[in-house]
Amino acid sequence: FFLYIDAGTGALIINMIIALFVSIAYYFRTLFFWLFNIKVQKNKNMANKLSLFSEGEQYWDTFKPIIDSLIKKKVFFNYFTMSIKDPALLIENKFIHSKYIGRNFLGYHKFSKINSKFLIATTPNIGNKDFALKKPKNVSNMIHVYHSIIGLPHYKIGALDNYDSVIIGGNYQIKPIRDIEKLRNLKIKKLYKLGIPYLDTLYKKKGELNSRKKTILIASSWGLKGCFKAYGTDFIEKLSCKDYDIILRPHPQSYISELNFIENIKKRFENKKNVFWDDSASPSKSMNKSNILISDSSSIRFDFSFIYKRPVITLKIKRTDMNGFENQHIDSKWEDKAEKIIGAVVYKDGMDSLDDIVEK
């Protein structure tokens with residue numbers, strides 16, 4: 001009696017079991033296709049006119065607004081990435097044909113074989129002699145999109161020499177490009193004044209200040225133009241002795257180019273309970289928590305100021321200390337003026353006053 005199931009209930013249970021197995025099968029099929037990058041694309045040929053290339057998820061904030069806009073406008077396009085963790089690989093939409101091309105030699109080779117009339121990328125130095133990524137021969141127009149408000153002066157020498165076009169954020173980015181073109185007798189680039197895409201993403205992630213006590217975000221660029229190398233870490237030690245929470249956020253490239261250096265800093269502060277580390281792809285969570293930002297030449301200064309309207313302290317990196325960067329050949333007047341508007345600018349000989357400036 002207790003085991004009796006009427007016909008209607010039995011049919012329902014059978015249908016539920018079938019649906020469950022179908023769902024599981026579809027899930028693993030999707031997972032398999034994603035892992036091995038197998039996709040059924042009826043519109044692949046239509047996407048060959050326009051392609052996007054990303055080195056990985058660290059540039060997702062830059063590419064997400066572009067992807068969203070292209071899909072909304074029903075434009076077919078390819079998306080090539082060198083990271084299996086890139087969120088774009090999970091997008092299921094007929095207008096995007098995304099593909100993981102791998103890293104190192106395999107990825108470099110596949111990149112060189114991209115066949116597309118237009119290719120949008122945010123990677124500087126493509127096509128340069130000592131750079132692994134060579135400009136694809138079957139790309140007619142390679143377009144650079146900035147992942148930084150500052151732009152060309154803080155790029156390595158020759159960073160955009162092989163690009164045909166540039167998406168710019170405003171008039172202030174035009175002169176540096178034209179100056180370099182004249183200096184090296186380069187072909188005149190087509191400029192598209194469309195804004196800075198990643199600011200759209202950061203603005204959507206903006207939240208109310210949610211720290212439990214006064215919090216300082218210290219964000220360093222990487223290499224010689226980063227404050228961790230240029231200024232050392234004694235100033236962090238002094239600030240950590242006060243009643244602040246400190247968030248340390250190295251540039252994501254630091255974990256690739258100077259990992260041992262960053263690990264040594266972590267060891268120095270591992271016993272400090274008010275010092276936290278942020279190694280996420282996006283700085284939004286840390287910016288949401290922070291009352292103030294201390295940085296160097298990094299464009300995060302302007303992201304923080306423009307979006308959150310909170311104060312910034314710049315630890316000045318002189319042009320003479322930035323060997324190998326374009327600002328050795330062109331000026332950065334916009335930045336020099338703007339950094340004084342968004343907060344205090346501190347030089348090495350004025351570091352003794354940093355504590356007072358932070359408190360003020």
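The model is predicted, with local features needing pLDDT of at least 70, side-chain atom pairs counted only at pLDDT 80 or more, and totals for chains, interfaces and linings using all residues. Residues are numbered from 1 along each chain as its sequence is written, and side-chain values use heavy atoms, with hydrogens and water left out.

I placed Lys 74 in the loop between α2 (60-72) and β2 (77-81) (helices are DSSP runs of H or I, at least four residues, strands runs of E, at least two, numbered from the N terminus), and I noted its phi near 60°, a positive value in a residue other than glycine.

I then turned to Lys 309, in the loop between α11 (300-308) and β12 (312-315), where phi is near 55°, again positive in a residue other than glycine; Lys 309 counts as exposed because its relative accessibility is 73%.

I searched the whole structure for cavities (sets of points on a 1 Å grid over the protein atoms alone where a 1.4 Å probe fits but cannot get out; lining residues have an atom within 4 Å of a point) and found two of 30 Å³ or more. The largest holds about 40 Å³ of space, and its lining includes Leu 152, Asp 161, Arg 184 and Glu 326.

I recorded about 30 Å³ for the second largest cavity, to whose lining α6 (227-230) and α9 (259-268) each supply at least two residues.

Note on methods. Buried < 20%, exposed > 50% of the residue type's maximum accessible area, 1.4 Å probe, protein only. 1 Å grid on protein atoms, 1.4 Å probe; cavity = no way out; pocket = protein on both sides within 12 Å on 5 of 7 lines; lining within 4 Å. Points joined across faces, edges and corners; volume = space filled by probe spheres on them.
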